[in-house]
Structures are given as C-alpha cells and as structure tokens.
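Colleague: Before we discuss this model, could you show it to me, and then let me ask how each label was reached?

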Number of protein chains: 2
Amino acid sequence: MKEFTETDIERIGELIDSQNQEAAQQEVAELHAADIAELFQSLNLRQAEWLFNLIEDKEKKADVLMELDEDDRKKLLEGMDPEQIGHFIDLLDTDDAVDLIQELDEEDRDEVIQHIDDVEQAGDIVDLLQYDEDTAGGLMGTEMIVVNENLSMPDCLREMRRQAEELDDIYYVYVVDDDNRLRGVLPLKKMITHPSVSKIKHVMEELPVSVRTDSPIDEVAIDFEKYDLVAMPVIDSIGRLVGQITVDDVMDEVREQSERDYQLASGISSDVDASDSVFAQTKARIPWLLIGIIGGIVNSIILGGFEAQIAAVTALAIFIPLIGGTGGNVGVQASAIVVQGLANGRLDIKNAVGQIGRESLVAIMNAVVISTVVFLYIFFTQPTGVKYTVSFAVAASLFAVVIFATVFGTFVPLTLERLKINPALATGPFIQITNDVVGLLIYVGMSTWMLSIFG
Amino acid sequence: MKEFTETDIERIGELIDSQNQEAAQQEVAELHAADIAELFQSLNLRQAEWLFNLIEDKEKKADVLMELDEDDRKKLLEGMDPEQIGHFIDLLDTDDAVDLIQELDEEDRDEVIQHIDDVEQAGDIVDLLQYDEDTAGGLMGTEMIVVNENLSMPDCLREMRRQAEELDDIYYVYVVDDDNRLRGVLPLKKMITHPSVSKIKHVMEELPVSVRTDSPIDEVAIDFEKYDLVAMPVIDSIGRLVGQITVDDVMDEVREQSERDYQLASGISSDVDASDSVFAQTKARIPWLLIGIIGGIVNSIILGGFEAQIAAVTALAIFIPLIGGTGGNVGVQASAIVVQGLANGRLDIKNAVGQIGRESLVAIMNAVVISTVVFLYIFFTQPTGVKYTVSFAVAASLFAVVIFATVFGTFVPLTLERLKINPALATGPFIQITNDVVGLLIYVGMSTWMLSIFG
C-alpha cells in the first residue's frame with residue numbers, strides 16, 4: 001500500500017539527523033505499524049532506535065516490534081533491559097509474545113517473563129511456551145471469544161462485548177460446554193439473523209474443523225487452504241478448547257515453508273534474503289558449493305580412470321558434460337514434483353510405490369525422446385570411424401541416466417519424508433551432484449563396453 | 001481433517017458399483033464439500049459422476065464442483081449441458097463463477113451465461129469477466145456487506161441483516177458515502193462495543209487498506225501479508241467500492257505462485273502435479289530437457305575445438321565437469337535470491353544496482369574459497385609435469401566462472417522483472433545451461449593461455 005520513495009526516506013533521514021522530534025513524530029503518527037517497520041529497513045540502527053522511541057502509542061510500538069524482521073528486532077531489543085521488554089510483551093497477543101520470547105537468549109527469558117505485569121497473560125505465555133514450535137500449539141494464541149452453549153443470543157452478545165475489549169480482531173465466536181469442550185462455532189451471520197434465539201447451541205455450527213495441539217503446522221496449513229478458514233480452534237487431547245490459530249500466521253507459514261523449500265532446492269542452506277549481509281549470504285551458500293566441488297573432484301577421479309578410452313577415441317570426451325547435465329536436470333524435475341506434492345498434500349507417502357511406478361513411465365518416455373535425438377545428432381556429425389562407438393555409448397548412457405535419475409529423484413525425497421526429514425533437502429544440489437557422478441560412471445562403463453564391440 | 005483410509009475408499013467404491021443409492025447418499029451427506037472433492041480423486045470419472053448426482057443439496061454440489069482440481073472439474077462439466085452449468089453458476093459466489101466460466105471453451109461461455117437465472121448475478125459476472133485474471137479485479141467477488149456512513153448502528157445492523165441473507169461469510173462491513181465511494185470499514189468489535197452510536201462514520205476505521213481493480217495480484221498478496229488482512233476492499237479509479245478480495249483466494253494465489261516459481265526453477269514448464277497423467281508430465285518436462293541437450297551439444301562443439309589442448313595435457317579433460325557444475329550451482333543460488341526477494345516484496349527493482357554490487361562481493365568471497373580449495377587439491381595430487389598448468393587453469397577458471405555466474409544469475413531475473421516477464425523463468429535450467437556453456441568457454445580459453453605459459 002504505502003510505498004516510500006527515495007525522497008521520503010531522505011526527508012525522514014534528515015529529520016532524524018537534525019533531531020527534529022516534532023516533525024519526525026508527525027511523520028510516523030499516521031503510518032501503520034507495518035509501514036514503520038518497512039521504513040526502518042532503510043534506516044541505520046541508531047536512526048531506527050531514535051524514531052522508535054518517539055512513537056507515543058505503546059501498542060503501536062509493540063506492533064512495530066513484531067512487524068520487523070527477526071534480525072532487526074533482535075538489534076532493537078539488544079538496547080532494552082528485561083523490564084522494558086516485559087512491558088512490550090504485556091501489550092502483545094500471546095502468540096506473538098511467545099515468538100518474541102523464543103527469540104531471546106535462554107538466560108534472559110525467565111527475567112523477561114518476571115516483568116510481565118498481567119499475571120493472566122504471563123500464565124498463558126508460560127503455558128504456550130511448552131508447545132513445540134512446529135505444532136498447532138506453538139502457533140496458536142489464547143485471544144478469542146468463548147461462550148457457553150446454553151447462553152441465549154442476547155446474553156451471548158453481552159458476554160462477547162465483555163470479552164471483546166481485550167481483543168484486536170474477532171474471527172469466530174467459539175461455543176463450549178460446561179467442561180470447556182469445544183462444541184461449535186457461531187458465525188457472525190447467525191448472530192445477525194437470529195438475534196433472539198434462546199440457546200445459541202440451537203443455531204451454532206456443530207463439529208467445526210479443529211486441530212489438536214500436537215498437529216504439525218503443515219497439516220494445519222493444508223486444512224486452512226482446504227476449508228477456506230480464517231481461524232481454527234485448537235483443542236487438547238480431551239477436546240477442551242485451548243487456543244486459536246489465525247489465517248495471517250498460517251499464511252506466513254505457507255510463505256516461509258515454500259521459500260525454505262525453494263531455497264533448499266537452489267542450494268541455499270539457511271534462510272537468507274536479498275538484504276542480508278554479504279557474510280550471511282556467503283555462509284548460507286558456500287556449503288553446497290563445496291559439496292558440489294567434492295562432486296566435481298569425484299568426477300575427475302572417475303575420469304582419471306577413463307584416460308585410456310579417451311586416448312583411443314577422443315570424441316568420447318566431448319560428450320561428458322551432456323551426460324552429467326541431463327542426469328541432474330531430470331533428477332531435479334522428479335524430486336520437485338515429489339516435494340511439492342508432499343507440501344500441498346496432494347501426494348501421500350502411502351502412494352510411494354505408485355509414484356515411483358508412474359515416474360518410471362515418464363522416465364521411459366523422456367529417455368526415448370532424448371536418446372533418439374542425441375543418437376541421430378552424433379551419428380550424422382561424427383566421422384565414420386568412431387560414429388558407432390560414440391553414438392551408441394552416449395545414447396545408451398543417456399537412456400540409463402534418465403531412468404536412474406528419475407527414479408532416484410523420486411525415491412530420495414519419499415524416503416526422507418518417511419524418515420521425517422524435510423524432503424526438500426534432497427532436491428537441487430544433492431540430487432544434481434549424485435546424478436552427475438552416477439551418470440559419469442554409467443558413461444565410463446558404457447563407453448568401455450562399446451569400445452570392446454566397435455573398437 | 002478428514003482422512004480417507006484405503007478401507008473407506010474401498011467401501012464407498014463398492015457402494016457405488018452395487019448402485020446402493022441410499023447408503024452412498026448417507027456416506028456423502030455428512031461430508032464437507034472439500035472432503036467430497038478429495039474423495040473424487042480416488043474414484044474414476046463414472047463413479048464420481050454417479051456420486052455427484054446423488055448429492056441432494058444443490059449448494060453443496062456447486063461447492064464440490066469448485067473444490068475440485070481444474071482438470072477434474074472440466075471432466076465433470078463435460079457431461080453437463082449449458083443449462084445445468086448455468087444453474088450451478090447461480091449458486092456460486094461471483095468470483096468462483098467467473099473462474100468457472102473462464103475455464104469453459106470460448107464458444108460455450110455466452111450460452112452458459114444466458115442460463116443464469118438471477119439477472120443481478122449474471123450482470124455482476126459479466127462485469128467481472130472484463131478484468132484481467134492477474135489483477136485485483138480478476139480475483140474479487142461482489143458478495144459483501146456495504147452500508148452508508150450516515151446510518152445509525154441499529155439501522156446498520158438492520159441493513160446488515162438484510163444483506164447477510166445472501167452471503168456465506170461476513171468478513172468486514174464496508175462503509176461508503178452517498179456516491180458509493182469507500183470511506184471506511186466497521187470492525188465487528190465496534191459493532192459490539194458501540195451498539196447505539198448515531199452515525200457509524202463516527203466509529204468506523206477510516207482510510208482502510210484498499211486496492212484498485214488494476215493492481216497486480218502479487219502486490220495484493222504482499223499487502224494481505226503485510227497488514228494481516230482477512231479481506232480487502234477493491235475500488236475503481238474514482239474510489240468507488242466495486243468488490244472484495246478474501247484471504248482464502250489470496251492464500252491459494254500465494255501457494256500457486258510459489259509452486260509455479262519452484263517448478264520453473266526445477267525446469268518444469270507448465271503446472272503439473274504428482275497425480276497428473278504420464279503424458280502431461282512428459283509434456284511439461286521434456287522442453288527444458290531438450291534445451292539442456294542443446295546446451296550439452298554446444299558444449300561438445302566447444303570441446304571439439306579443445307582436442308589439441310587435451311591431447312597435450314590429458315589431465316585438463318578430467319576437470320571439465322567441475323567447471324560447468326560450479327557455474328550452474330552458483331548461478332542458481334544467485335537467481336533464487338533475486339526471484340524470492342521480488343516475490344515477497346523485500347527486494348525492489350529500483351535497487352538492482354545495489355543488489356548486483358552486493359552479489360559481486362558474495363561472489364568474490366565464494367570464488368576465493370572455492371578456487372583456493374581446488375587449487376591446493378590439484379597442486380598436490382597432479383604429477384609435477386602438469387601441475388602448474390592444470391592447477392592454475394582450473395583455479396583461475398573457477399574464479400572467473402563464480403563471478404560471472406553470480407552476476408549473470410542476479411542480472412537476468414532483474415532484467416526479466418523489468419521487462420514484466422516472470423523472473424522465475426530465469427532460474428534453474430536456463431541459468432544452469434548458460435553458465436555451463438560460458439564456464440566451458442572460460443576454461444578452454446584459460447587452459448590455452450596457461451599451456452602457453454607453462455607448456
């Protein structure tokens with residue numbers, strides 16, 4: 001929505017550097033917290049701190065803090081003492097509060113929690129901290145409207161009014177029984193269209209989609225997408241309502257998960273983005289590059305044993321890059337299909353055998369096309385003396401490499417998923433390097449065999 | 001939520017095959033439309049059609065239709081005449097209706113639209129069909145609650161009650177002036193906490209985040225994430241409220257966009273998933289493989305001109321895969337960072353020069369590490385006679401390739417973005433193949449030069 005131009009940033013920078021408090025305050029007063037956080041990205045730490053301290057509305061300050069990138073938030077928090085941080089946490093929703101506490105150093109956490117004034121808030125946070133970050137419990141907050149199923153609609157509205165004071169947004173109204181077990185949800189529409197019903201359980205929607213606290217986050221995301229939800233109630237093992245997950249957090253998760261998968265597929269080993277420091281970038285990128293180098297060295301060793309064949313038919317050497325490259329490309333395609341199917345829930349690990357079968361057919365079709373094209377090219381371009389050896393060796397190797405690389409690219413992510421390791425780890429460099437090496441081995445073997453036939 | 005086991009599917013399949021209408025009807029009666037759509041994936045077309053026709057609730061039938069994959073929906077629609085399709089469209093939300101009509105063949109569209117009974121619905125759909133699919137106008141629906149700013153809260157609630165009858169969900173209440181220009185939104189919380197205010201404009205939130213009909217979808221998605229929205233009003237060029245975009249559609253867009261980017265990066269040229277036919281899979285995957293083959297053939301031609309140097313020092317041949325592979329890996333990393341930064345809005349095309357500068361520094365660091373490691377390895381493993389030539393040729397080439405591939409991998413997606421072409425097209429195979437070829441050219445040149453120095 002709000003876009004800062006170069007001039008905007010220059011102007012604000014000048015206001016800060018000239019310590020013009022009043023004008024700077026006015027500048028940020030009208031901005032949304034998310035926009036202020038975006039503005040901070042264009043400022044240095046000292047400027048951002050100065051501007052942050054000028055924000056008068058404490059709620060807004062807390063919101064700005066949560067809208068920042070984790071790295072930037074950390075820097076701002078480093079300038080604060082535990083008491084100040086505790087006061088901010090008082091103002092945050094519990095799910096954000098838990099995220100913030102988890103970003104703190106282990107030894108600071110307890111002290112910060114001691115400084116949360118609102119005991120109820122502190123209690124909720126301590127409870128939430130026990131859930132694994134990657135589960136529904138770790139994503140939920142405790143801010144929500146909960147009413148008893150036996151209330152009448154007017155009483156329900158009165159109860160909602162009371163509870164709403166502490167909330168920013170209302171998504172659904174959850175209906176529970178006397179033991180706090182989730183019984184239904186009350187859509188806003190029903191409240192408007194049945195203003196005087198005697199018991200809300202008569203108009204609530206029963207059996208709402210819910211998750212247990214220990215459900216993994218990716219399953220939660222799939223349910224949100226499948227059922228088009230804006231919020232989802234979280235229940236404990238005996239069905240009691242313990243929290244709510246909202247769609248904005250799920251959308252962040254979906255974005256983060258696909259970014260992580262994409263980065264892994266591109267050989268980037270930790271979460272970085274374009275604005276991170278050169279050092280962070282290098283650190284995230286060099287590991288896979290070095291693994292690639294090891295693959296290249298293994299290739300050089302394999303080729304070292306191939307010198308006699310190359311000496312006999314030098315034309316064999318010139319098709320080396322073709323073999324490895326094709327194996328890599330084929331393998332990456334196959335693994336991307338699996339990783340994506342597992343991420344969006346359309347591929348079930350129970351169908352592993354079926355998937356490998358289907359991929360084998362795809363592999364055969366690709367292999368036939370590729371081998372034929374390459375065979376014809378080599379056969380009609382190489383000199384008569386070596387054309388049989390080279391064309392058969394290259395085409396047969398390509399056929400074998402395409403089949404192997406496809407099945408391997410399908411099998412590895414499925415196996416990782418079964419071992420509960422992120423299958424995206426397998427795509428990109430790992431598959432590429434392995435297929436490169438295996439492809440070369442196949443080629444060396446095939447060439448030696450063809451030489452023994454055609455000489 | 002609902003998971004179908006093998007036994008479930010077998011049982012339902014048997015009910016269908018034995019034409020047991022009553023039991024089958026009971027089976028689907030309790031299922032959510034999204035679950036029925038999921039069940040259809042495990043059935044054949046004939047079975048799915050039979051079960052679909054058994055669903056009594058017409059609204060639910062329409063919902064099932066929209067929950068299906070585009071391919072499956074197409075198959076079901078093929079068995080219906082335009083009149084039936086028109087009746088379903090009557091029951092859909094306008095944004096879904098437009099999606100469905102756009103999936104029909106051009107010549108069927110008009111006839112289907114003629115069969116929409118509700119004239120207002122038909123009019124809205126015809127209006128919506130004029131917007132580009134990739135803009136806010138193409139994503140919005142017209143179902144929403146709109147009230148005049150001068151209403152009192154009790155009148156507003158009465159008006160909402162009237163409008164709510166035709167809606168499934170209520171996200172926000174939009175407040176407009178007498179000319180239908182958007183003035184604010186009324187959060188549910190305000191309705192509850194200010195039940196008797198005389199004019200809602202006194203309690204509405206002014207200046208809500210909104211988009212124009214022609215805003216690109218990816219900008220809409222970034223705003224939803226930034227401001228944590230569940231719905232967003234869409235306005236025309238003079239500020240009149242024309243529609244609403246809901247978070248479920250945006251989440252689908254985010255998922256689809258990142259899947260598309262990931263697939264493109266993996267060399268898959270059209271949208272396929274694990275369950276698509278072998279033919280569809282092959283068709284989506286063979287184009288980039290063939291382009292890879294062309295790259296490999298270009299490499300073989302380059303290497304053909306390198307035979308004299310290989311004959312002089314055969315050890316030069318064995319490091320060929322290392323050079324191309326590294327260039328490919330480095331380029332893919334750099335382009336992934338750019339593509340992702342552009343997709344999530346953290347990288348602005350205005351910062352292109354800065355990004356290339358930063359990447360150049362990353363490239364130099366990576367290049368120093370990689371070249372040093374490889375130089376030392378070759379220097380201490382190759383025989384004395386050739387170790388200078390080979391180690392200097394390989395290390396210097398790697399250095400140059402890493403720099404070139406990084407800058408090229410950064411530059412190409414930035415350029416595509418500027419030309420308004422999806423930058424994800426540039427990642428994966430294209431960058432890889434180009435860098436492979438360029439890497440080899442650098443290596444051939446460098447080797448020839450080193451041979452002239454060290455012999």
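**Labels and their grounds**

Modeller: Chain A holds 21 helices and 7 strands. The model is predicted, so local features need pLDDT of at least 70 and side-chain atom pairs count only at pLDDT 80 or more, while totals for chains, interfaces and linings use all residues. Residues are numbered from 1 along each chain as its sequence is written, chains are lettered from A and ligands numbered from 1 in the order in which they are written, and side-chain values use heavy atoms, with hydrogens and water left out.

Colleague: What makes a stretch count as a helix or a strand?

Modeller: Both are DSSP runs, numbered from the N terminus, where a helix is H or I with at least four residues and a strand is E with at least two. Helix H21 of chain B, for instance, covers residues 429–454 and includes B:Gln432.

Colleague: Why is B:Gln432 called buried?

Modeller: Its relative accessible area is 14%, and buried means under 20%, exposed over 50% and partly exposed in between, with a 1.4 Å probe and protein chains only; B:Gln432 is therefore buried.

Colleague: Which residues does B:Gln432 contact, leaving aside its neighbours within four places in sequence?

Modeller: With contact meaning heavy atoms within 4.5 Å, B:Gln432 touches A:Asn329 and A:Gln432 as well as B:Gly328, B:Asn329 and B:Val332.

Colleague: Why is A:His202 called exposed?

Modeller: The relative accessibility of A:His202 is 55%, so this residue counts as exposed. A:His202 sits in the loop between helix H13 (188–193) and strand S4 (205–206) of chain A, and its C-alpha is 9.7 Å from that of A:Ser152, although the two are 50 residues apart in sequence.

Colleague: How do you know how the radius of gyration of chain A stands against a compact globule of 455 residues?

Modeller: The radius is taken over C-alpha atoms, and the globule rule is 2.2 Å times the number of residues to the power 0.38. For a compact globule of 455 residues the radius would be near 23 Å, but chain A has 30 Å. The C-alpha trace of chain A spans about 95 × 65 × 40 Å along its principal axes, and buried residues make up 55% of the chain's 455 residues.
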